[in-house]
Amino acid sequence: MKFLRRSFVFLSLAVLLAAAPRASADADILTCPEGSLYSALPDLSFTGNALLSTRFLGSQYYQRFSGVHADVSGLRWWGVASQSPAGVDCDNANITFQISLHEDNVTLPGGALFQSNMTPSITDTGAKIFGLTVYQYDVTFDPPVAIDGVGWVSVFDPNINHSCRLGWITSQTGGGTANLFNYSNFSNTNPGEDFSFCLTGTPTGEGEGEPDPLISCEGDSYFSQTPETGVFSNAAFSNRFTNHQLYEKFTLSEAGLPIGTVRWWGVALQAPAGTACDASTATYRVSFHSDQGTLPGGEEVGYTVVPNITDTGATVAGAPLLQFEAELPTVYEPASATGWFSVYDPNINHTCRFAWARSLGGDGSSNRFDANQLQNQNVGFDLAMCLAPPPPVSDGEGDGVADGEGVADGEGTVEGTPEGEGSVEVPPLECAPGSLYSALPDLSFTGNALFSTRFTSTQMYQRFSGVHGDVTGLTWWGVASQSPAAVDCDNANITFQIALHEDNVTLPGGAIVQSNKTPVITDTGEKLFGLTVYRYEVTFDPPVAIDGTAWVSVFDPNVNHSCRLGWVTSQTGGGTANVFNFGNFSNTNPGEDFSFCLTGTPSGEGEGEPDPLVSCEGDSLFSQTPETGFLSNIAFSNRFTNHQLYDKFTLSEAGLPISAVRWWGVALQSPAGTACDASTATYRISFHADNFTLPGVEQVGYTVVPTITDTGATVAGAPLLRFDAELPEVYTPAGAVGWFSVYDPDISHTCRFAWARSLDGDGSSNRFDANQLQNENVGFDLAFCLTPAPGIEGEGSVEGTPDGEGSIEGTPDGEGAVDGEGTVDGAPDGEGTIEGIPDGEGSVEGTPGGEGGVEGDGEGSEYAPLLETFGDSDGDSSGRLTYTEAGLALPGLTQQQFDALDTNSDGELSIPELLAEIGPGIIYTADTDGDGAIALEELLRVIQLYNADGYQCAARPGDTEDGYLTGSGGSSCSQHQADRDGDRIISLSELLRVIQFYAIGGLHPCPDDGTEDGFCPGA
């Protein structure tokens, strides 16, 4: 699916609202009109996006479409209108948009077929994305615009003064063929997204005729991606001559469907002339592979076939487009509904080269394996193919023999015996016990090997950190590939240039040691890309002293060695490698890390301990220590810059209790970029569920004032600070994998917090940009530790419980004190003093913020039935109770009691008035009508408080629907229950909790379940 390609798009902090009631009963919203010529519906899921297409920002978006043969008379699209710089809804009722339809220029829009400034009809869909209203826009073309096949559409606000900015909502449909034109540098780029729109009109010929059988799939095909035609349409080589093999991902309606026929399209081009040639006698290798996400997995079955070839009469890349069709020798029934299909010409002598044709359908999941570079990459478009069932009548059990059917090359065999077999105790794919540094080879289908040889003019270096010792040995893994055949070659006597370098942050520095060495080589018995994986070992005598961070290089310096070293990559390393190109003397990061081990003696033979200022505690559940240095990377995470940072963590198991956190960062003054004093700042820390490459919904969050220590190190020229905070209550994550965030929520803090980088981790970090409403991977891991809770005493009592007898008097900061029977006797964040147990039999002295006095705790109040039955008692659904309605809920209620509760003397009781008397716990503050659900208007009220950057108490609780006013001020009333940290500000993460209740459709009190607000989703 497309969301797997969106590794940079993150909306975990975006305010996502599920589809809400329609703006009008007769409006067709969030769908295309019946009979639309083209439909790409908006993606309002958690991975949805909206990209700004406006002259105000200098960005104009275009979307490619295909398969339209019609007179187009209408366009519908979806978007949001965001005020700059606040990021809130603005009035777009009278905005005039520039609408255009263009010819196709393959990767770019061509000449305009139609362009006009138009004021669309606008419909409020009732849905939200990023907390902004989703609008549906409609325009008509009169006269209609003739489209024959492929075209482009653009929606753009051309007025440079419009700070009410159009965000065009993306779609899961489109094939990844959009374009962004940047007015600042007049450049065109593919934004990596597709856009939502519909085209309506009259099909050319009113549906006469059938699809051309030469460029279409059979009607009973399981999977269909038909070819794009045209003189400049793309095609990609898949043959042994070019050493490229292509794969295309497919998804069937269900697993096990019998596939008996395959059809694909392509061209045959002569090398090196690039002209059409005769491929009629060629044989092709077709194969099916398992699915490994963004890459094909192992081959499940393969055949060599001689297909029937038909000239379609169309052209691609200036050559005739050919249709290839082959019946499989045996029926293939895939075990999964998702897999990969490959077509390849295996004959290295065929200079008449097969190139697979492009399709405009599909999900953007294709792959090219480059046997020259031993690398995989996405082709950039989908490939044209059909998968169909066997013919209805069979003439036997197949007239061909599967070529190696189901058998991987060399599967289960080892060529040669590992040297020294029986004498090496270390397994061939592992580092020796006690290694100073370990980065094991990745031999999965996503593994890689990069050439580091003078023959290819590329030298690889890998950065490492945390090594304090005398290095005596280096182990690495690689393959030896003959040029140009890409087969195993003899590397037994190759001398390598081995070097250890000082650290120059993003580059290796001066050489600490450099020498040509002939390594001890062991055949591991494993294969990568069909090549044998070898383990190489060298020793350093004398040892090389390393203290912290350095670089290693493994390189074949002989320009005449056509037996090329491919250094195998690793999943460990932080993405800090370097390739030096001898051709242009440039340095680049290859985007990979390399496999190696360092052995030796730790400094001081184990004497001393790690520096506590830049290390985690020994019992930490999760540890990523900071990288130090003048130029080390940092990333801002504060309200001033509108960036919030998250990092993924993995615990050894779910349910490990976390009681404290430690992180590292710097404080930089804006705009000078110099160090500043952050000692008085408060920080928002939060834990989130895991949503694969993105953080999910916030599980718990706190506002803390950490203890700050200057480590004595520097990062980005500023002192590296260590921050330590104890959680107000122990957090027990439901899963072993989650995300952690640190953020300075005060917009007035020009002393900006920036989180420090770590060289440890899995590369999963995320930055939410509230200015652009977009997410991206930071590019490095963040430095932090998660500390376990201390031992639990008694029968379920947690730190802070004086004697486990169920009695707490004034537990500070709501430390989660629990009595012996699991009943919480304290309130989070110091929310009052509790004497006795919370069952209504005692009394609460002080409200949840310690503000004001409340008798009882909600359930124990004599007026509690008024809240418990509020929704049912409110017969006219007015959101208020008359004296008669209240009397039905609480027989015996006197007029005097009623008047005492009615603080604004309007003759009715509201939820805020009852909460002011009874206290929170029964009705959620945002549920202003007491029906046990968050309605859209109730959610919008919380969003209003969020946008106001603060709330205060109304003079009388009944004066507003919830008892609060926007802005800072009076705080004599209880805090809003969405405001879990009690700072009188509704943060994005707190708003997300309310959205969760809204999306699920109900909530109920659950004080014993340990939730952050005492409520659980569901009616």
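**Reading strands and a buried residue**

Q: Which residues sit between S17 and S18 in the hairpin, and how many are there?

A: This is a predicted model. In the hairpin of S17 and S18, two residues lie between the strands. Gly293, in the turn, has a positive phi of about 80°.

Q: How do strands pair, and how many bridges join S17 to S18?

A: Strands of a sheet pair through backbone hydrogen bonds, either parallel or antiparallel. Here S17 (residues 284–292) and S18 (residues 295–305) run antiparallel and are joined by eight bridges. Within this pair, Arg285 stands opposite Thr304 in S18.

Q: In what order do the six strands of the open sheet lie?

A: The order is S44-S43-S47-S41-S49-S50, with antiparallel pairing. At the edges are S44 (694–704) and S50 (774–776), each of which pairs on one side only. Direction ignored, neighbouring strands of this sheet are turned by 25° against each other on average.

Q: Is Asp194 buried or exposed?

A: The cut-off for buried is under 20% relative accessible area. Asp194 has a relative accessible area of 0%, so Asp194 counts as buried. Asp194 belongs to strand S11 (residues 194–195).

Q: Which side chain does the side chain of Asp194 contact?

A: The side chain of Asp194 makes a polar contact of 3.1 Å with that of Gln63.

Key:
Residues numbered from 1 in each chain as written. Predicted model: local features only at pLDDT ≥ 70, side-chain atom pairs only at ≥ 80, totals over all residues. Heavy atoms only, no water. Helix = DSSP H or I, 4+ residues; strand = E, 2+ residues; numbered from the N terminus. Buried < 20%, exposed > 50% of the residue type's maximum accessible area, 1.4 Å probe, protein only. Polar contact = N/O pair within 3.5 Å; in protein donor to acceptor, adjacent residues only side chain to side chain. Pairing = 2+ DSSP bridges. Axes fitted to C-alpha atoms, helices over the stretch in contact; angles between N-to-C directions.
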